[in-house]
Amino acid sequence: MARRRWIVLLLLALAGLVGSLDASAGDVDPVYKSCVEKCEQSGCVGDQCFQHCKFSSDGKPVDGPWYMQEPLYLRWKQWDCRSDCRYHCMLAREEERRTLGGKPVKYHGKWPFLRVYGIQEPVSVALSALNLSVQFHGWLSFFILLYYKLPLRPDKKTYYEYTGLLHIYGILSMNSWFWSAVFHSRDVELTEKLDYSSAVALLGFSLIVALLRALNIRDEASRVMFSAPVIAFVTTHILYLNFYQFDYGWNMKVCVAMGIAQLLIWAIWAGVTRHPSRWKLWVVVVGGGLAMLLEIYDFPPYMGFVDAHALWHTTAIPFSYLWWSFIRDDAELRTRTLLKKVK
(Lines give C-alpha, C1' and ligand atoms only; values in the text may rest on other atoms or scores of the structure.)
Protein backbone atom coordinates (compact mmCIF):
# COMPACT_ATOMS: atom_id res chain seq x y z
CA MET A 1 0.00 0.00 0.00
CA ALA A 2 2.87 2.36 0.86
CA ARG A 3 4.43 1.64 -2.53
CA ARG A 4 1.23 2.70 -4.32
CA ARG A 5 1.00 5.93 -2.35
CA TRP A 6 4.63 6.70 -3.25
CA ILE A 7 3.88 6.17 -6.95
CA VAL A 8 0.82 8.45 -6.80
CA LEU A 9 2.83 11.20 -5.04
CA LEU A 10 5.54 10.98 -7.72
CA LEU A 11 3.03 11.27 -10.55
CA LEU A 12 1.21 14.16 -8.87
CA ALA A 13 4.52 15.97 -8.42
CA LEU A 14 5.28 15.52 -12.12
CA ALA A 15 1.79 16.73 -13.05
CA GLY A 16 2.28 19.86 -10.96
CA LEU A 17 5.39 20.70 -12.94
CA VAL A 18 3.61 20.71 -16.31
CA GLY A 19 2.28 24.22 -15.78
CA SER A 20 5.72 25.62 -15.03
CA LEU A 21 7.35 24.53 -18.30
CA ASP A 22 8.27 27.28 -20.73
CA ALA A 23 10.35 27.85 -23.83
CA SER A 24 13.99 28.91 -23.71
CA ALA A 25 15.12 32.41 -24.69
CA GLY A 26 18.88 32.33 -24.22
CA ASP A 27 19.88 33.92 -27.56
CA VAL A 28 18.72 37.50 -26.79
CA ASP A 29 22.10 38.52 -25.34
CA PRO A 30 23.07 41.80 -27.12
CA VAL A 31 26.80 40.92 -26.97
CA TYR A 32 26.13 37.60 -28.71
CA LYS A 33 23.82 39.19 -31.31
CA SER A 34 26.37 41.88 -32.07
CA CYS A 35 29.10 39.25 -32.47
CA VAL A 36 26.98 37.28 -34.96
CA GLU A 37 26.15 40.40 -37.00
CA LYS A 38 29.81 41.46 -37.20
CA CYS A 39 30.90 37.91 -38.08
CA GLU A 40 28.41 37.68 -40.96
CA GLN A 41 29.84 40.89 -42.36
CA SER A 42 33.55 40.25 -41.77
CA GLY A 43 33.59 36.42 -41.76
CA CYS A 44 35.65 36.36 -38.55
CA VAL A 45 35.26 35.91 -34.80
CA GLY A 46 38.39 37.27 -33.20
CA ASP A 47 41.36 35.81 -35.06
CA GLN A 48 39.33 32.93 -36.54
CA CYS A 49 37.84 33.42 -40.01
CA PHE A 50 35.50 31.17 -42.01
CA GLN A 51 35.55 30.34 -45.69
CA HIS A 52 31.77 29.88 -45.65
CA CYS A 53 31.25 33.61 -45.24
CA LYS A 54 32.54 34.15 -48.80
CA PHE A 55 29.36 32.47 -50.00
CA SER A 56 25.67 33.22 -49.85
CA SER A 57 23.29 30.95 -47.96
CA ASP A 58 22.59 28.86 -51.09
CA GLY A 59 26.30 27.99 -51.48
CA LYS A 60 27.06 30.39 -54.36
CA PRO A 61 30.17 32.58 -54.18
CA VAL A 62 29.63 36.24 -53.34
CA ASP A 63 32.72 37.02 -55.40
CA GLY A 64 35.21 34.80 -57.16
CA PRO A 65 35.08 32.09 -59.87
CA TRP A 66 32.80 29.01 -59.99
CA TYR A 67 35.49 26.64 -58.65
CA MET A 68 35.40 28.54 -55.34
CA GLN A 69 31.93 27.20 -54.57
CA GLU A 70 31.20 25.70 -51.20
CA PRO A 71 32.18 21.98 -50.93
CA LEU A 72 29.23 19.66 -51.47
CA TYR A 73 29.56 17.81 -48.13
CA LEU A 74 29.45 21.13 -46.25
CA ARG A 75 26.37 22.27 -48.17
CA TRP A 76 24.69 18.93 -47.39
CA LYS A 77 25.37 19.41 -43.66
CA GLN A 78 24.19 23.02 -44.01
CA TRP A 79 27.23 24.46 -42.24
CA ASP A 80 27.10 27.97 -43.62
CA CYS A 81 28.33 31.39 -42.56
CA ARG A 82 25.52 31.97 -40.06
CA SER A 83 25.90 28.51 -38.48
CA ASP A 84 29.63 28.94 -37.93
CA CYS A 85 29.22 32.52 -36.74
CA ARG A 86 26.60 31.49 -34.20
CA TYR A 87 28.68 28.57 -32.99
CA HIS A 88 31.93 30.46 -32.51
CA CYS A 89 30.23 33.57 -31.10
CA MET A 90 28.49 31.26 -28.63
CA LEU A 91 31.84 29.76 -27.57
CA ALA A 92 33.40 33.21 -27.24
CA ARG A 93 30.47 34.53 -25.20
CA GLU A 94 30.45 31.48 -22.93
CA GLU A 95 34.16 31.91 -22.28
CA GLU A 96 33.44 35.51 -21.23
CA ARG A 97 30.67 34.31 -18.94
CA ARG A 98 32.95 31.77 -17.28
CA THR A 99 35.61 34.42 -16.76
CA LEU A 100 33.04 36.69 -15.08
CA GLY A 101 31.63 33.81 -13.00
CA GLY A 102 28.36 33.59 -14.94
CA LYS A 103 26.36 30.47 -15.71
CA PRO A 104 25.83 28.99 -19.22
CA VAL A 105 22.68 29.96 -21.10
CA LYS A 106 20.83 28.43 -24.03
CA TYR A 107 21.25 29.72 -27.57
CA HIS A 108 18.36 29.26 -30.00
CA GLY A 109 16.78 26.72 -27.65
CA LYS A 110 19.93 24.62 -27.12
CA TRP A 111 22.75 24.48 -24.58
CA PRO A 112 26.29 25.38 -25.76
CA PHE A 113 27.60 21.99 -26.90
CA LEU A 114 31.03 21.31 -28.37
CA ARG A 115 31.11 19.81 -31.85
CA VAL A 116 33.03 16.63 -32.65
CA TYR A 117 33.77 16.09 -36.38
CA GLY A 118 30.86 18.37 -37.21
CA ILE A 119 28.40 16.50 -34.95
CA GLN A 120 26.62 18.91 -32.65
CA GLU A 121 25.78 16.57 -29.73
CA PRO A 122 27.99 13.47 -30.09
CA VAL A 123 26.97 11.86 -26.78
CA SER A 124 23.25 12.16 -27.51
CA VAL A 125 23.83 10.81 -31.03
CA ALA A 126 25.65 7.74 -29.68
CA LEU A 127 22.98 7.13 -27.02
CA SER A 128 20.17 7.55 -29.56
CA ALA A 129 21.84 4.95 -31.78
CA LEU A 130 22.19 2.62 -28.79
CA ASN A 131 18.52 3.09 -27.92
CA LEU A 132 17.64 2.31 -31.53
CA SER A 133 19.57 -0.98 -31.31
CA VAL A 134 17.84 -1.86 -28.01
CA GLN A 135 14.43 -1.21 -29.55
CA PHE A 136 15.31 -3.31 -32.58
CA HIS A 137 16.53 -6.15 -30.36
CA GLY A 138 13.36 -5.96 -28.27
CA TRP A 139 11.04 -5.96 -31.26
CA LEU A 140 12.97 -8.74 -33.03
CA SER A 141 12.97 -10.98 -29.93
CA PHE A 142 9.22 -10.34 -29.57
CA PHE A 143 8.67 -11.31 -33.22
CA ILE A 144 10.75 -14.51 -32.89
CA LEU A 145 8.94 -15.48 -29.69
CA LEU A 146 5.49 -15.11 -31.25
CA TYR A 147 6.09 -16.76 -34.62
CA TYR A 148 8.80 -19.34 -33.88
CA LYS A 149 8.55 -20.32 -30.20
CA LEU A 150 4.90 -20.00 -29.19
CA PRO A 151 2.09 -22.03 -30.84
CA LEU A 152 0.05 -20.37 -33.58
CA ARG A 153 -3.63 -20.56 -34.42
CA PRO A 154 -4.74 -22.82 -37.30
CA ASP A 155 -4.80 -19.73 -39.56
CA LYS A 156 -1.13 -19.04 -38.63
CA LYS A 157 -2.03 -15.99 -36.57
CA THR A 158 -0.78 -15.50 -33.03
CA TYR A 159 -2.89 -16.07 -29.94
CA TYR A 160 -1.63 -12.85 -28.38
CA GLU A 161 -4.29 -10.18 -28.95
CA TYR A 162 -1.92 -7.21 -28.95
CA THR A 163 0.54 -8.44 -31.57
CA GLY A 164 -0.34 -5.87 -34.23
CA LEU A 165 -0.35 -2.98 -31.78
CA LEU A 166 3.11 -3.85 -30.48
CA HIS A 167 4.54 -4.30 -33.97
CA ILE A 168 3.42 -0.74 -34.72
CA TYR A 169 4.84 0.39 -31.39
CA GLY A 170 8.22 -1.17 -32.25
CA ILE A 171 8.33 0.52 -35.65
CA LEU A 172 7.41 3.92 -34.16
CA SER A 173 10.05 3.49 -31.43
CA MET A 174 12.81 2.69 -33.91
CA ASN A 175 11.71 5.56 -36.14
CA SER A 176 11.77 7.97 -33.20
CA TRP A 177 15.27 7.02 -32.08
CA PHE A 178 16.56 7.15 -35.66
CA TRP A 179 15.41 10.75 -36.10
CA SER A 180 16.69 11.59 -32.63
CA ALA A 181 20.19 10.53 -33.74
CA VAL A 182 19.88 12.56 -36.96
CA PHE A 183 18.58 15.64 -35.15
CA HIS A 184 21.29 15.62 -32.48
CA SER A 185 23.96 15.27 -35.15
CA ARG A 186 22.70 18.33 -37.07
CA ASP A 187 19.94 20.62 -35.87
CA VAL A 188 18.15 22.17 -38.84
CA GLU A 189 14.46 22.89 -39.30
CA LEU A 190 13.71 19.63 -41.13
CA THR A 191 15.54 17.32 -38.71
CA GLU A 192 14.02 19.15 -35.74
CA LYS A 193 10.47 18.72 -37.01
CA LEU A 194 11.03 15.07 -37.86
CA ASP A 195 12.50 14.37 -34.41
CA TYR A 196 9.77 16.15 -32.46
CA SER A 197 6.95 14.77 -34.62
CA SER A 198 8.28 11.21 -34.30
CA ALA A 199 8.53 11.55 -30.52
CA VAL A 200 4.96 12.89 -30.24
CA ALA A 201 3.63 10.08 -32.47
CA LEU A 202 5.41 7.49 -30.30
CA LEU A 203 4.09 8.99 -27.06
CA GLY A 204 0.55 9.10 -28.43
CA PHE A 205 0.64 5.50 -29.60
CA SER A 206 2.21 4.40 -26.29
CA LEU A 207 -0.77 5.97 -24.54
CA ILE A 208 -3.11 3.97 -26.78
CA VAL A 209 -1.24 0.74 -25.97
CA ALA A 210 -1.48 1.51 -22.25
CA LEU A 211 -5.23 2.12 -22.47
CA LEU A 212 -6.03 -0.95 -24.53
CA ARG A 213 -3.87 -3.37 -22.52
CA ALA A 214 -4.77 -2.06 -19.07
CA LEU A 215 -8.49 -2.13 -19.88
CA ASN A 216 -8.12 -5.47 -21.68
CA ILE A 217 -9.88 -4.20 -24.80
CA ARG A 218 -9.76 -6.84 -27.52
CA ASP A 219 -12.58 -6.23 -30.02
CA GLU A 220 -11.87 -3.89 -32.91
CA ALA A 221 -14.85 -1.56 -32.46
CA SER A 222 -13.93 -0.73 -28.86
CA ARG A 223 -10.29 -0.26 -29.82
CA VAL A 224 -11.26 2.27 -32.47
CA MET A 225 -13.50 4.10 -29.98
CA PHE A 226 -10.67 4.45 -27.45
CA SER A 227 -7.93 5.17 -29.99
CA ALA A 228 -9.69 7.71 -32.23
CA PRO A 229 -9.61 10.68 -29.78
CA VAL A 230 -5.90 10.13 -29.03
CA ILE A 231 -5.01 9.79 -32.73
CA ALA A 232 -7.02 12.93 -33.55
CA PHE A 233 -5.31 14.93 -30.81
CA VAL A 234 -1.78 13.73 -31.70
CA THR A 235 -2.34 14.36 -35.42
CA THR A 236 -3.65 17.87 -34.73
CA HIS A 237 -0.70 18.62 -32.45
CA ILE A 238 1.84 17.44 -35.04
CA LEU A 239 0.17 19.54 -37.75
CA TYR A 240 0.14 22.53 -35.39
CA LEU A 241 3.88 22.19 -34.74
CA ASN A 242 4.83 21.70 -38.38
CA PHE A 243 2.53 24.14 -40.17
CA TYR A 244 1.38 26.77 -37.67
CA GLN A 245 3.78 27.43 -34.78
CA PHE A 246 6.70 25.41 -33.46
CA ASP A 247 6.08 26.12 -29.77
CA TYR A 248 8.71 24.36 -27.62
CA GLY A 249 6.96 25.10 -24.33
CA TRP A 250 3.56 23.86 -25.47
CA ASN A 251 5.07 20.74 -27.03
CA MET A 252 6.90 19.91 -23.80
CA LYS A 253 3.66 20.25 -21.82
CA VAL A 254 1.83 17.95 -24.23
CA CYS A 255 4.59 15.32 -24.14
CA VAL A 256 4.90 15.39 -20.34
CA ALA A 257 1.12 15.17 -19.96
CA MET A 258 0.91 12.12 -22.25
CA GLY A 259 3.88 10.56 -20.47
CA ILE A 260 2.33 11.07 -17.04
CA ALA A 261 -1.02 9.71 -18.27
CA GLN A 262 0.44 6.42 -19.45
CA LEU A 263 2.64 6.04 -16.38
CA LEU A 264 -0.45 6.53 -14.22
CA ILE A 265 -2.42 3.96 -16.24
CA TRP A 266 0.36 1.37 -15.96
CA ALA A 267 0.85 2.12 -12.24
CA ILE A 268 -2.85 1.55 -11.48
CA TRP A 269 -2.95 -1.62 -13.58
CA ALA A 270 0.23 -2.99 -11.99
CA GLY A 271 -1.33 -2.32 -8.59
CA VAL A 272 -4.53 -4.28 -9.22
CA THR A 273 -3.36 -7.07 -11.52
CA ARG A 274 -1.79 -10.37 -10.48
CA HIS A 275 0.46 -10.47 -13.52
CA PRO A 276 3.63 -12.45 -12.62
CA SER A 277 5.86 -9.82 -14.30
CA ARG A 278 4.17 -6.78 -12.79
CA TRP A 279 7.40 -5.93 -10.93
CA LYS A 280 8.95 -5.05 -14.28
CA LEU A 281 6.16 -2.54 -14.83
CA TRP A 282 6.79 -1.05 -11.38
CA VAL A 283 10.45 -0.53 -12.26
CA VAL A 284 9.58 1.08 -15.60
CA VAL A 285 6.91 3.32 -14.04
CA VAL A 286 9.02 4.51 -11.12
CA GLY A 287 12.20 4.79 -13.19
CA GLY A 288 10.38 6.47 -16.07
CA GLY A 289 8.81 8.99 -13.70
CA LEU A 290 12.14 9.84 -12.12
CA ALA A 291 13.85 10.01 -15.52
CA MET A 292 11.18 12.47 -16.69
CA LEU A 293 12.53 14.90 -14.11
CA LEU A 294 15.70 15.10 -16.23
CA GLU A 295 13.60 16.51 -19.07
CA ILE A 296 12.02 19.07 -16.74
CA TYR A 297 14.98 20.07 -14.54
CA ASP A 298 17.41 20.72 -17.38
CA PHE A 299 21.04 21.64 -16.74
CA PRO A 300 24.00 22.71 -18.93
CA PRO A 301 26.22 20.08 -20.55
CA TYR A 302 29.12 18.86 -18.45
CA MET A 303 32.40 19.59 -20.25
CA GLY A 304 30.27 20.68 -23.22
CA PHE A 305 29.00 17.16 -23.96
CA VAL A 306 26.63 15.59 -21.38
CA ASP A 307 23.44 17.42 -20.37
CA ALA A 308 20.20 16.29 -18.72
CA HIS A 309 18.73 15.16 -22.03
CA ALA A 310 21.74 12.93 -22.71
CA LEU A 311 21.30 11.38 -19.25
CA TRP A 312 17.63 10.77 -20.04
CA HIS A 313 18.76 8.94 -23.19
CA THR A 314 20.96 6.81 -20.94
CA THR A 315 18.12 5.88 -18.58
CA ALA A 316 15.92 4.91 -21.53
CA ILE A 317 18.23 2.02 -22.43
CA PRO A 318 17.62 -0.29 -19.42
CA PHE A 319 13.95 0.70 -19.16
CA SER A 320 13.39 -0.13 -22.85
CA TYR A 321 15.05 -3.51 -22.39
CA LEU A 322 12.89 -4.23 -19.33
CA TRP A 323 9.75 -3.03 -21.13
CA TRP A 324 10.24 -5.44 -24.04
CA SER A 325 10.96 -8.19 -21.50
CA PHE A 326 7.57 -7.50 -19.92
CA ILE A 327 5.89 -7.57 -23.34
CA ARG A 328 7.39 -11.01 -24.06
CA ASP A 329 6.25 -12.29 -20.65
CA ASP A 330 2.77 -10.90 -21.29
CA ALA A 331 2.62 -12.59 -24.69
CA GLU A 332 3.57 -15.94 -23.15
CA LEU A 333 1.05 -15.56 -20.33
CA ARG A 334 -1.85 -14.60 -22.61
CA THR A 335 -0.99 -17.40 -25.07
CA ARG A 336 -0.98 -20.03 -22.29
CA THR A 337 -4.27 -18.68 -20.92
CA LEU A 338 -6.01 -18.79 -24.32
CA LEU A 339 -4.65 -22.27 -25.09
CA LYS A 340 -6.18 -23.56 -21.85
CA LYS A 341 -9.55 -22.14 -22.85
CA VAL A 342 -9.33 -23.73 -26.30
CA LYS A 343 -8.54 -27.16 -24.80
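Predicted model: local features only at pLDDT ≥ 70, side-chain atom pairs only at ≥ 80, totals over all residues.
Local features were taken at pLDDT of at least 70 and side-chain atom pairs at pLDDT 80 or more, while totals for chains, interfaces and linings use all residues. Residues are numbered from 1 along each chain as its sequence is written, and side-chain values use heavy atoms, without hydrogens and water.

The mean pLDDT (the predictor's confidence in each residue, from 0 to 100) of the protein is 84. A pLDDT of 70 or more is reached by 84% of the residues. Over residues 17-25, pLDDT stays under 50. The model has 16 contacts (heavy atoms within 4.5 Å) beyond four places in sequence for residues 17-25. Residues 63-68 also stay under 50. For residues 63-68 there are two such contacts.

The structure holds three disulfides (pairs of cysteine sulfur atoms within 2.5 Å). Cysteine 35 is joined to cysteine 89, with an S to S distance of 2.0 Å. The torsion about this S-S bond is about -85°, so the disulfide is left-handed. The pair links distant parts of the chain, 54 residues apart. Cysteine 35 lies in helix 2 (residues 30-42) and cysteine 89 in helix 4 (residues 81-99). Helices here are DSSP runs of H or I, at least four residues long, numbered from the N terminus. Cysteine 35 is partly exposed, at 22% relative accessible area. Cysteine 89 is buried, at 1%. Buried means under 20% relative accessible area, exposed over 50%, and partly exposed in between, with a 1.4 Å probe and protein chains only.

A disulfide also joins cysteine 39 to cysteine 85, S to S 1.9 Å. Its torsion is about -75°, so this disulfide is left-handed. Again distant parts of the chain are linked: cysteine 39 sits in helix 2 and cysteine 85 in helix 4, 46 residues apart. Both cysteine 39 and cysteine 85 are buried.

In the disulfide of cysteine 44 and cysteine 49, the sulfur atoms are 1.8 Å apart. The torsion is about 100°, so this disulfide is right-handed. Cysteine 44 is partly exposed, with a relative accessible area of 23%.

Phe136, Leu140, Ile144 and Tyr148 form a nonpolar surface patch. Patch residues have over 30% relative accessible area and no salt bridge (a Lys or Arg side-chain nitrogen within 4 Å of an Asp or Glu carboxyl oxygen); like charges are joined within 9 Å, nonpolar side chains (Val, Leu, Ile, Met, Phe, Trp, Tyr) within 5 Å. Tyrosine 148 is in helix 5 (residues 122-149). Tyrosine 148 counts as exposed, at 63% relative accessibility.

Key: Areas by Shrake-Rupley, 256 points an atom, 1.4 Å probe, with all protein chains shown as cover. Helix = DSSP H or I, 4+ residues; strand = E, 2+ residues; numbered from the N terminus.
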